[in-house]
Amino acid sequence: MKTTRLEAFTDAVIAILITIMVLELKVPHGDTFADLQPLSPVFLSYVLSFVYLGIYWNNHHHMFHVVDSVSGPMLW
């Protein structure tokens with residue numbers, strides 16, 4: 001089988017992971033930058049996780065451009 005189906009599946013999984021990560025962010029109570037201070041550790045961990053997922057997706061995407069076909073054992 002071609003790699004496009006597996007690549008599309010993994011893209012969908014990563015998109016779901018990013019969506020779940022965004023849903024965990026809480027809205028600050030207030031409208032000043034000082035109200036964002038307590039949320040900075042959570043936001044920093046989100047940014048680092050997003051960067052990590054982006055690096056993972058990029059490497060995964062480049063790997064599938066090198067592979068010609070996907071076998072059953074590779075799927076498992």
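Modeller: A residue is called buried under 20% relative accessible area, exposed over 50%, and partly exposed in between (1.4 Å probe, protein chains only). By that rule 13% of the 76 residues of the protein count as buried. This is a predicted model, in which local features need pLDDT of at least 70 and side-chain atom pairs count only at pLDDT 80 or more, while totals for chains, interfaces and linings use all residues. Residues are numbered from 1 along each chain as its sequence is written, and side-chain values use heavy atoms, with hydrogens and water left out.

The setting comes before the contact. The protein has three helices and zero strands (DSSP runs numbered from the N terminus, H or I of at least four residues for helices, E of at least two for strands). Its pattern along the sequence is therefore written α-α-α. The C-alpha trace spans about 55 × 15 × 15 Å along its principal axes. The radius of gyration of the protein is 18 Å, whereas a compact globule of 76 residues would have one near 11 Å (taken over C-alpha atoms, with the globule rule 2.2 Å times the number of residues to the power 0.38). Of the contacts (heavy atoms within 4.5 Å) between residues at least 6 apart in sequence, 74% join residues at least 24 apart.

Now the part itself. Helix H1, residues 4-23, packs against helix H2, residues 40-66, at an angle of about 180°, and their axes are 11 Å apart. H1 is therefore roughly antiparallel to H2 (the term applies to angles over 145 degrees). From H1, the residues that meet H2 are Leu-6, Glu-7, Thr-10, Asp-11, Ile-14, Leu-17, Ile-18, Met-21 and Val-22. Their partners in H2 are Tyr-46, Ser-49, Phe-50, Leu-53, Tyr-56, Trp-57, His-60, His-61, Phe-64 and His-65. Sorted by class, this contact of H1 with H2 holds 12 nonpolar, five polar and two charged residues.

Thr-10, in helix H1, is buried at a relative accessible area of 15%. The side chains of Thr-10 and His-60 are joined by a polar contact of 3.3 Å, where the cut-off for such a pair of N or O atoms is within 3.5 Å.

Thr-4 also belongs to H1, but it is exposed, with a relative accessible area of 54%. Although Thr-4 and Phe-64 are 60 residues apart along the chain, 8.3 Å separates their C-alpha atoms. Thr-3 sits in the segment before H1 and is buried, with a relative accessible area of 8%. Beyond its neighbours within four places in sequence, Thr-3 is in contact with Phe-64, Val-67, Asp-68, Ser-69 and Val-70.

Other positions give distances along the model. Thr-3 and Thr-32 are 29 residues apart in sequence, and their C-alpha atoms are 48 Å apart. Gln-37, in the loop between H1 and H2, counts as exposed at 57% relative accessibility. From Gln-37 to Glu-7 is 30 residues in sequence and 39 Å in space, C-alpha to C-alpha. Within H2 itself lies Gly-54, which is partly exposed at 35% relative accessible area. Gly-54 and Asp-68 are separated by 14 residues in sequence and 23 Å between C-alpha atoms.

Note on methods:
Axes fitted to C-alpha atoms, helices over the stretch in contact; angles between N-to-C directions. Parallel < 35°, antiparallel > 145°, perpendicular 65-115°, else oblique. Nonpolar A, V, L, I, M, F, W, Y, C, P; charged D, E, K, R; others polar. Polar contact = N/O pair within 3.5 Å; in protein donor to acceptor, adjacent residues only side chain to side chain.
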